[in-house]
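The stops below are given in the order in which to select them.

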Amino acid sequence: MVARPALRAATRIARRQPVASTYSSHNFCTSTPTLRPSTASSSSTRDSSNGSTRTTHFGFQDGISESEKTERVAGVFHSVAESYDRMNDLMSFGWHRIWKDHFVSSLNPGYSSSIPPKPQRILDVAGGTGDIAFRMLNQSHVVNANPNIHITISDINPSMLAVGKQRSLSLPAAQQATLSFLEADATQLPATIAPDSLDLYTVAFGIRNFANIPAALAEAHRVLKPGGVFACLEFSKVGNPVFDAVYKRWSFSAIPLIGQLVAGDRDSYQYLVESIERFPSQDEFRGLIEDAGFVVGGKGYEDLTLGVAAIHKGMKPL
Amino acid sequence: MAPSRALARLTLLRRAQQTALRRPYHSYDHPAPTGIFNAHEQAILSAAYKHVPEHGFTAQSLSLGARDAGYLDVSTNLFSEGPFSLIRYHLVTQREALAPRREAILADVTASTAVPARVERLTWERLLGNRDVNHRWQEALAIMAQPSHVPASLHELALLADEIHFLAGDTSVDPSWYTKRGGLSMIYASSELFMTNDRSPGFGNTRAFLQRRLAEAGSLSGAVGSVTQWLGFTASAGVNVLRSKGVRI
């Protein structure tokens with residue numbers, strides 16, 4: 001079936017042998033291969049009988065077919081390692097670590113009121129380098145004293161998984177034993193992940209790069225247990241107009257410049273800020289989560305740093 | 001771009017419905033939507049609330065409640081505010097419990113009694129609503145005083161003061177609308193704090209404390225009213241004296 005050449009999302013290819021640096025971040029950044037012009041008819045969600053005509057966007061360019069976006073995003077992250085790690089710190093003033101720490105501690109994986117604690121199964125999607133997964137391991141094993149969890153790190157990109165694997169070697173053996181790696185497409189998870197089998201599904205700074213976000217949400221809904229939680233940390237929209245002006249100025253002028261100076265790659269960082277700009281607002285994304293069949297509590301999301309990033313959570317109803 | 005436009009329209013529609021339902025006043029024709037919690041939150045919170053006397057307003061109670069309601073430990077992530085959701089559930093349910101019991105609460109208050117007496121009865125009933133969780137209420141107050149929860153807590157306090165005055169039949173539309181509600185909020189909050197250390201049978205000391213504070217507020221507002229009246233009279237008399245002297249005012 002030609003139907004879904006497109007559905008290969010969240011691709012991160014480390015073409016070079018990546019350098020393992022401890023506790024790096026998810027890479028926000030991508031490098032853009034040559035951008036070919038394409039037809040303008042675009043719709044990110046329309047289902048057409050012929051899958052190859054389904055189109056999406058890449059940065060500010062419309063009318064990119066899903067497979068092409070997947071390829072381009074796959075061309076991404078190719079000089080992963082050290083310069084990107086430094087870049088994330090430079091771009092966010094190191095703040096991305098605080099977002100990630102808050103994300104994991106608010107999820108509180110491994111917390112259980114039962115004695116002995118109930119086992120938990122967690123899937124960390126687009127988590128190749130493992131920084132969310134390693135934080136969750138720490139939260140569960142050390143903070144909540146519950147080693148009875150299992151975390152699967154999933155990524156579409158084997159090279160990124162290799163980075164994660166190498167980094168995981170520095171973890172305590174008990175934590176390594178509860179970790180496994182899976183190369184998978186988030187919009188089409190393999191049969192090894194049974195339906196209704198997961199307690200928690202996390203994706204941090206990854207869903208923006210998916211070729212088909214509703215398909216990934218539907219897939220998350222399928223594999224979660226009833227009562228299981230989908231949690232997403234992603235860039236979002238700033239509410240305060242004054243701060244928004246400053247933030248936009250920073251992201252559209254300074255970030256590509258820093259990218260050029262530090263990483264020697266302006267286009268990737270241009271794609272980064274454009275993809276952030278194109279990502280739906282908090283309310284729209286909550287609508288997508290609800291459309292996938294999740295229920296959200298309260299207003300459905302939590303703004304971080306006035307909305308530069310946001311945490312969305314949805315629960316699969318019983 | 002059709003789907004994204006449809007999505008935007010949907011969002012707008014949803015927002016329009018929300019704003020249409022939220023009113024800053026009591027409407028008899030269009031009652032406010034019931035509760036701020038959806039069915040799933042309600043299920044977990046009502047089960048968790050039963051664990052509060054034993055485990056307090058904690059993640060432990062929430063988690064036990066989720067288990068009781070058939071959910072997973074991780075389902076408590078539905079509440080982004082964690083234990084504060086449980087506190088808010090207590091505040092909301094206790095506030096909403098006043099209206100249906102209004103007749104019973106005010107049964108022994110004669111129709112001729114003024115609004116202040118009815119306010120006192122209703123406030124006392126609301127304080128008694130804390131009876132079961134009173135030994136845990138200091139923890140709750142500590143959580144409510146955390147900076148991120150202060151706005152929501154104050155909002156609930158304002159809603160409670162407004163509800164009590166509404167149920168007591170207060171119909172004032174002058175600036176005393178604000179002073180009455182502000183005053184009751186302060187008195188209620190301090191009585192609640194007093195109650196957490198009250199060991200007297202039936203919380204008699206708390207009731208005496210509440211009545212003293214309300215009496216003080218009554219005499220204070222009476223004094224302020226008298227002073228205002230005197231100032232107004234003196235000012236207009238002064239103006240008239242000046243006019244009689246030929247000053248063009």
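**Conventions**

Residues are numbered from 1 along each chain as its sequence is written, and chains are lettered from A and ligands numbered from 1 in the order in which they are written. This is a predicted model, in which local features need pLDDT of at least 70 and side-chain atom pairs count only at pLDDT 80 or more, while totals for chains, interfaces and linings use all residues.

**Chain A as a whole**

Select chain A and colour it by secondary structure. Chain A has 10 helices and nine strands; helices (H or I, at least four residues) and strands (E, at least two) are DSSP runs, numbered from the N terminus. Of its 318 residues, 51% count as buried. A residue is buried if 20 or more other C-beta atoms lie within 10 Å of its own, exposed if 12 or fewer, and partly exposed in between, with C-beta atoms placed from the backbone. Among contacts in chain A with a separation of 6 or more, 78% are between residues 24 or more positions apart; two residues are in contact if their C-beta atoms, placed from the backbone, lie within 7 Å.

**The sheet of chain A**

In what order do the seven strands of the open sheet in chain A run? The order is 5-4-3-6-7-9-8, with mixed pairing; two strands pair if DSSP finds at least two bridges between them. Strand 5 (179-183) and strand 8 (301-304) of chain A are at the edges, and each has a single partner strand, so one side of each has no neighbour in the sheet. From one strand to the next, the twist averages 15°.

Select strand 3 (120-125) of chain A together with strand 6 (198-204) of chain A. Strands 3 and 6 of chain A run parallel and are joined by four bridges. Within this pair, A:Ile122 is opposite A:Leu200 of strand 6.

Move to strand 8 and strand 9 (residues 309-315) of chain A, an antiparallel pair that also has four bridges. Here A:Asp303 stands opposite A:Ala310 in strand 9. The two strands form a hairpin with four residues between them, and A:Thr305 in the turn has a positive phi of about 50°.

**Helices against the sheet**

Axes are lines fitted to C-alpha atoms, for helices over the stretch in contact, and angles run from 0 to 180 degrees between N-to-C directions.

Then select helix 7 (residues 213-223) of chain A, whose buried residues are A:Ile213, A:Ala215, A:Ala216, A:Leu217, A:Glu219 and A:Ala220. Elements covering these buried residues include strand 6, strand 7 (224-235) and helix 10 (282-291) of chain A.

**Two loops in chain A**

Zoom to A:Phe93, in the loop between helix 2 (81-92) and helix 3 of chain A. A:Phe93 is not a glycine, yet its phi is positive, about 55°. A:Phe93 counts as exposed because it has 9 C-beta neighbours inside 10 Å.

In the loop between helix 3 (95-107) and strand 3 of chain A, select A:Pro116. A cis peptide bond with omega of about -5° joins A:Ile115 to A:Pro116.

**Chain B**

Of the 249 residues of chain B, 26% count as buried. Among its contacts between residues at least 6 apart in sequence, 62% join residues at least 24 apart.

Colour residues 150-218 of chain B, which an unreviewed UniProt entry annotates as "domain: COQ9 C-terminal". UniProt positions are given in the numbering used here, feature names are shortened, and annotations may be inferred rather than shown by experiment. This stretch of chain B, residues 150-218, is 78% helix and 0% strand, with its end C-alpha atoms 28 Å apart.

Select B:Phe203, in the loop between helix 10 (176-196) and helix 11 (204-244) of chain B. Is B:Phe203 buried or exposed? B:Phe203 is buried, because 21 other C-beta atoms lie within 10 Å. Its phi is positive, near 55°, in a residue other than glycine.

Finish at B:Leu106, in the loop between helix 6 (102-105) and helix 7 (115-128) of chain B. B:Leu106 counts as partly exposed, with 19 C-beta neighbours inside 10 Å. Leaving aside neighbours within four places in sequence, B:Leu106 is in contact with B:Arg118 and B:Arg121. For a distance check, pick the C-alpha atoms of B:Leu106 and B:Thr58: these residues are 48 apart along the chain, and the atoms are separated by 35 Å.
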